[in-house]
Every structure is written in C-alpha cells, then in structure tokens.
Amino acid sequence: MEHAIETNIAVLGGGPGGYTAAFRAADLGLSVCLIEQGLRLGGVCLHAGCIPSKTLLHAATAFEEARAGAAFGLRFDGLRIDIEPLRAHKTKIIEQLAGGLDNLAKARTITRLTGRGRFTGDQTLVVDSPVGSTRVRFSQAIIATGSHPTSLVTAPRDPRIWDSTVALALPAVPPRLLIVGGGIIGLEMAQVYHALGAGITMVETESQIIPVADRDLVQPLFLQLKNKYRIWTGTRVATMTARPEGIEVALTGGTEAIELFDAVLVAVGRRPNLEGIGLSALGLAPDQQGRLVVDGQLRTARSHIFAIGDVTEGPMLAHKAIHQGKTAAEVIAGLPATFAPVAIPSVAYTNPEVAWVGLTEREAARQGIACVKGKFPWGASGRALTAGAGNGVSKALFAGAGGHLLGAGICGLNAGELIHEAALALSLGATAETIARTVHAHPTLAETFAGAAGVVCGSATDLLPSKPRK
Ligand code: NAD
C-alpha cells in the first residue's frame, strides 16, 4: 500500500449521485473522499448518457424542424449535418461540465481518488490504479456505482453490435441500423441516427414503444415515427449472426423476418454495477434484481453503508440519484432527511417529447385505483398550432372530480419542461379546480395542462364540455 487516507465519508462512484452526495456532505462539514474509476467526474450521465445524447438530440431536432419549416416557407438549401463538428461540439460541452465538477470538488477540498475501489472490510476500502493502491478508512460509505447496458445473449461479439456508449460516439452512420428495444435510449438514438441519414428499424418485445407509459400518451410520438422508421412491436430477436456483409438478424413474434443490418444498437435496459466492489466484505449482497435494498434514509442492511442511484430500486434516472445523494449526505450529517418523493418525472427527449409523472392509467388500473382523466388535445391550443405541434396531448389523472392530482403525462414540444408544473402540483396535492383556476399565460403550451384539469372540473372552454358546465 502506498497511501492511506482517513475520512468521514467514502463515496464510491463519481456520477450525478456520487458527486452530489460528496458535495453536499462537504458543505455540511464532513471530510469526504470521492472515488471514481474514470479520469473525470460525471459518470455515465455526463460522459456516455444524458449530456452527449441531449447534445446530439438538440442538433437532430433543430435539423428536423428546419426541414419541416419548408411547409411554411422556410428554406435552407443544402441543409445537412456534418458529423465532425457535431462530435467536437459534444466533446466541448462534456469538457466544460467536467471542468466545472473538478472546480466544485476542489473548492470544497474533497479528496479525489482516481481508480477502482473495492471494500476490504467493514470500514476500509482499497482503490487500485495503474500508479498504485490507496487504502481508505471511513466511518460511513455511500455506494453510487451506477449501471451498465444489458447485453443480448443472442448477440455475437462484433464491433457492429453497439450499446448506447458506442452509439453516442457516432462511429458511423449505418444505412441499415437495427435498434433492439423501444425504450427511451432506443428512441432517442433512433432520432439522432435518423437525422444523420441512417435507415432505422426498431423492434420492441412489448405491444407499444415506451411500454411503461400509457399508450394514449405515446401515440402522438408513435404516429410521427412510424412514417420515418419501421417499428415492429411485439417482436423480438431470435438469432443474430455476424456475416461479412452485415449482421443477419432473425426476428420473431409480431414480425417474422430475416434481415441484414450494417449495425445493431442493443438498448434493452441497464444493470446495476455491483460486481467486483467487495460487497461480501461488508456482508452485503444484491437482491434478485441485482440491486441493493435500502430504507428511506438510503441505508443498506449495514446501517453505516448507504446506496443511491441505479444500484437501488426505482427508475434509473440521474435526477433520482441526485436527490438520493443529497439525502444520504444529510442523513450522515445528522439531519432529519428521508428520500420519499411524491413522484419522479420521466422524460423521453424525442421529437415530440414524452414526459410523465406520478400514476399512469395503466398503473392505476393495476392497483385498482379509481381516477378521473382529463385530456387536452393540442390541436385546440393556439400556441401548439403556431409551433407546428398540434399533434401533442396533455393528460391529467385525479382522485375524483374534486380530488387531488394523481399523475400527469404530456406528449409534445417541450413536454420535458412542461411536466414540472404537474410535478409541483402533485407534491402540493393540487386539485383539478386549483390547476384550472391558476392563470396561465395565453397563448402557451402550459395552458394545455390547465386545460386537461379544466376538462375534469367541467370548466374547459376550448373544448366542448363532456358534462354540464358550471
Ligand atoms: P428501458 O427499460 O427504458 O427500455 C428497454 C426496452 O427494450 C423496453 O421497452 C423493453 O420492453 C425492450 N426490450 C427488452 N428486451 C428486448 C428484446 N430482447 N427485444 C426487443 N425489445 C426488448 O431501457 P433503456 O432504453 O435501455 O434505458 C435504460 C435506462 O436508462 C432506463 O431506466 C431509462 O429510463 C434510462 N434512461 C433515461 C433517459 C432519460 O431520462 N431521457 C435516457 C436514456 C436512458
């Protein structure tokens, strides 16, 4: 051992969950050692997830909108995307944000260790790096090691079979790209590669894309995409064979076909990173889903070991990890914190965007929860029509006409921003009446959420009433 460090808190993993936990703990006066195997802080979100994908999606959407502008007289002759400047732009943004994290960690005098950490005992871990090992003795530790893409057992080892990390590096624009999985990653990458000129085929085992969201919410997106890509739902990959001329894929289920693709992106979910971190030295083991069980304070079965983010139950989303990171740090600092959000919003940054928060209709039916639905089609919104977004929809579910909001979904332009009004309304227990009576500026897309609430309390005027007016 070359070095030894003593610290209050060791944080294993420098992604959004880990660095947030470290920063909050340092701000609360604790000594913190932040261990990250990558050279920079930021984790998958910054280096191979949220940030690069949103950079590429922004370019793809701007490109698509410029093209769509031809319908009302906008002409950009010779419009095209050059990959090299786009890649450079993505790298620049990542560098800027990673530099910011470095500065934030340094200013807080957090001890940073670069290397792979593994627990060796109840209050010790070792960080191995090419230049040596460091032993860390801690009082409490936070496991924030994130997740990695799930691979398909049917997939051979071949550089033409990609996961999301490879796809975000933009290695090529395949004329025939198969995307396995119609979840958020599959759909976001489909949009980027379609804008770049790839021919997209998407297969999804379930009967709709984004199966966790309500079908009527996803429908405007599906209708838009099915004119651009082949989307085969209820279909799975039976076999995949690497041939010199491409990857031969046999599909079965809703669509039976054998086709050749230039590349295949596998986007069928992610798995927690809990292997090789010495969990057994702590007396811990993953549950059947491969995650660590935690309580409301984010403590594992060993009360001085906390776990946050993708290694715990719930959606694998950066914002969940960030909030859990803050909570874990506050609990360790002795504050009365718990992680019990009313709801965690989900956003697919597709074009149109799909966002939802709280209860879905499907989940309400599964749990036997009675609810009343208000739906506002964006075709009745002046602002949506001016923005070419008349195919969107806003919907809201309430516990009865006079009851509080249970969940909401928005599909359309900027849905990922608009959904936060619903998230706040949910956490404040707002009723349809309160939302409908909140004055929303006109004309805005935000009015459509108030419109959905107005449908439930019978006060909407931009649609014909479905029940007697007040
Ligand atoms: P996902 O679970 O969201 O979607 C995977 C999809 O693949 C599902 O619809 C599933 O039914 C389908 N599928 C599974 N096996 C299949 C098979 N053999 N053939 C065809 N389809 C199959 O997973 P993801 O899209 O890989 O994303 C991983 C995680 O990262 C998710 O938790 C997601 O929410 C998160 N993520 C979030 C964002 C965002 O917030 N915008 C972006 C990217 C990823």
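Helices here are DSSP runs of H or I with at least four residues, numbered from the N terminus.

Before you click on, note that this is a predicted model, where local features need pLDDT of at least 70, side-chain atom pairs count only at pLDDT 80 or more, and totals for chains, interfaces and linings use all residues. Residues are numbered from 1 along each chain as its sequence is written, and side-chain values use heavy atoms, with hydrogens and water left out.

Now select residues 50-68 (α3) and 83-107 (α4): they pack at about 140°, axes 10 Å apart (axes are lines fitted to C-alpha atoms over the stretch in contact, with angles from 0 to 180 degrees between N-to-C directions). That makes α3 oblique to α4 (under 35 degrees is roughly parallel, over 145 roughly antiparallel, 65 to 115 roughly perpendicular, the rest oblique).

Show side chains next. I51, P52, T55, L56 and A59 of α3 meet L86, H89, K90, I93, I94 and L97 of α4 (contact means heavy atoms within 4.5 Å). Colour them by type and you get 8 nonpolar, 2 polar and 1 charged (Ala, Val, Leu, Ile, Met, Phe, Trp, Tyr, Cys and Pro are nonpolar; Asp, Glu, Lys and Arg charged; the others, Gly among them, polar).

Next stop: residues 16-27 (α1) and 318-332 (α8), whose axes come within 7 Å and cross at roughly 30°. So α1 is roughly parallel to α8. Among the residues meeting here are R24 in α1 and E330 in α8.

Key
Helices (H or I, at least four residues) and strands (E, at least two) are DSSP runs, numbered from the N terminus.
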